[in-house]
Amino acid sequence: IYYRFAFYGAREKPIAVGPDIPLTVEADKAPQVTLLTPAAELEVDPGQKVTLKYEATDDYGLSGLSLVFRTPGAQQDTRVPLRREDGRKSRDTYTWDLGSLKVDAGDRITYFVEAQDNDAVEGPKKGVSRTHVLRIYSAAEHHRAALEKAEQLWGRMVDHLADRLEGPDRAKQKDAQAIAAAG
């Protein structure tokens, strides 16, 4: 498809005609969203505040940004509107107060940032960031992990002790070279 400019005189006679200019149509793409901080998985205390840093871009402009999260046992996602800049790009931070959430120790909260573009022709398109996880601190879980680590260390100590008890220095016939090699 091409278009051109033409200037007409008094009797609809063309005075000047410009060159053909190609008309390029580009499909509207979904917004691109990135959750910059925190890391993909973060352990937090109940009631702690978490600062999220996000960035969203769209080829024609953004019409909305939301934090979308789900707590354990929830039937549906919860949406929190986020501030956005007018235009094609938005970059901001949001301080998420976890004190209002009803969560227990050891729970996992999954969340992501969702952007919506302003496509009025085919309808708004959505783009989402990677899904991240918040783990609520659990003293019992950490205690269990510490016990497992202690058991592993205990097993390694017993293995080393067994090697010592069965070494060449304990044999009835002592061999100086074998004892030196085992040392």
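This is a predicted model: local features need pLDDT of at least 70, side-chain atom pairs count only at pLDDT 80 or more; totals for chains, interfaces and linings use all residues.
Student: Which residues touch the most other members in the largest nonpolar core here?

Tutor: In that core of 23 residues, they are Leu67, Phe69, Trp96, Ile109, Tyr111 and Leu134. A nonpolar core here is a set of buried Ala, Val, Leu, Ile, Met, Phe, Trp, Tyr and Cys residues joined through side-chain atoms within 4.5 Å. Buried means under 20% relative accessible area, exposed over 50%, and partly exposed in between (1.4 Å probe, protein chains only).

Student: And which strands supply at least two residues each?

Tutor: S5, S7, S8 (62-70), S11 and S13 each do. Strands are DSSP runs of E with at least two residues, numbered from the N terminus.

Student: Okay, back to strands. What does S7 pair with?

Tutor: S7 (residues 49-57) pairs with S5 in the antiparallel sense over 5 bridges, and with S10 (residues 89-97), also antiparallel, over 9 bridges. Strands pair when DSSP finds at least two bridges between them.

Student: Which residue in S7 is the bridge partner of threonine 34?

Tutor: Glutamate 55 is the partner in S7. On the S10 side, alanine 56 stands opposite serine 90.

Student: New topic: how many salt bridges does the structure hold?

Tutor: There are 12. A salt bridge needs a side-chain nitrogen of Lys or Arg within 4 Å of a carboxyl oxygen of Asp or Glu. One of them joins aspartate 28 and lysine 125, with N to O at 3.6 Å.

Student: Where do those two sit in the chain?

Tutor: Aspartate 28 is in the loop between S4 (21-22) and S5 (32-37), and lysine 125 is in the loop between S11 (108-117) and S12 (126-128), so their pairing ties together parts 97 residues apart in sequence.

Student: Is aspartate 28 buried or exposed? And lysine 125?

Tutor: Aspartate 28 is buried at 17% relative accessibility, and lysine 125 is buried too, at 19%.

Student: What does arginine 135 pair with?

Tutor: Its salt bridge is with glutamate 41, at 2.6 Å from N to O. Arginine 135 belongs to S13 (residues 132-136) and glutamate 41 to S6 (residues 41-44), so this pair links parts 94 residues apart in sequence. Glutamate 41 is partly exposed, at 42%.

Student: And what about aspartate 92?

Tutor: Aspartate 92 forms a salt bridge with arginine 83, their closest N and O atoms being 2.9 Å apart. Aspartate 92 is buried at 19%, whereas arginine 83 is exposed at 57%.

Student: Last one: where does histidine 132 lie?

Tutor: Histidine 132 is in S13, and at 3% relative accessibility it counts as buried.

Student: Which backbone oxygens does its side chain reach?

Tutor: The side chain of histidine 132 reaches the backbone oxygen of proline 38 at 3.5 Å. A polar atom of that side chain also lies 3.1 Å from the backbone oxygen of alanine 39.

How values were computed: Residues are numbered from 1 along each chain as its sequence is written. Side-chain values use heavy atoms; hydrogens and water are left out. Helices (H or I, at least four residues) and strands (E, at least two) are DSSP runs, numbered from the N terminus. A polar contact is a pair of N or O atoms within 3.5 Å; within protein, one must be able to donate a hydrogen and the other to accept it, and residues adjacent in sequence count only if both atoms are side-chain atoms.
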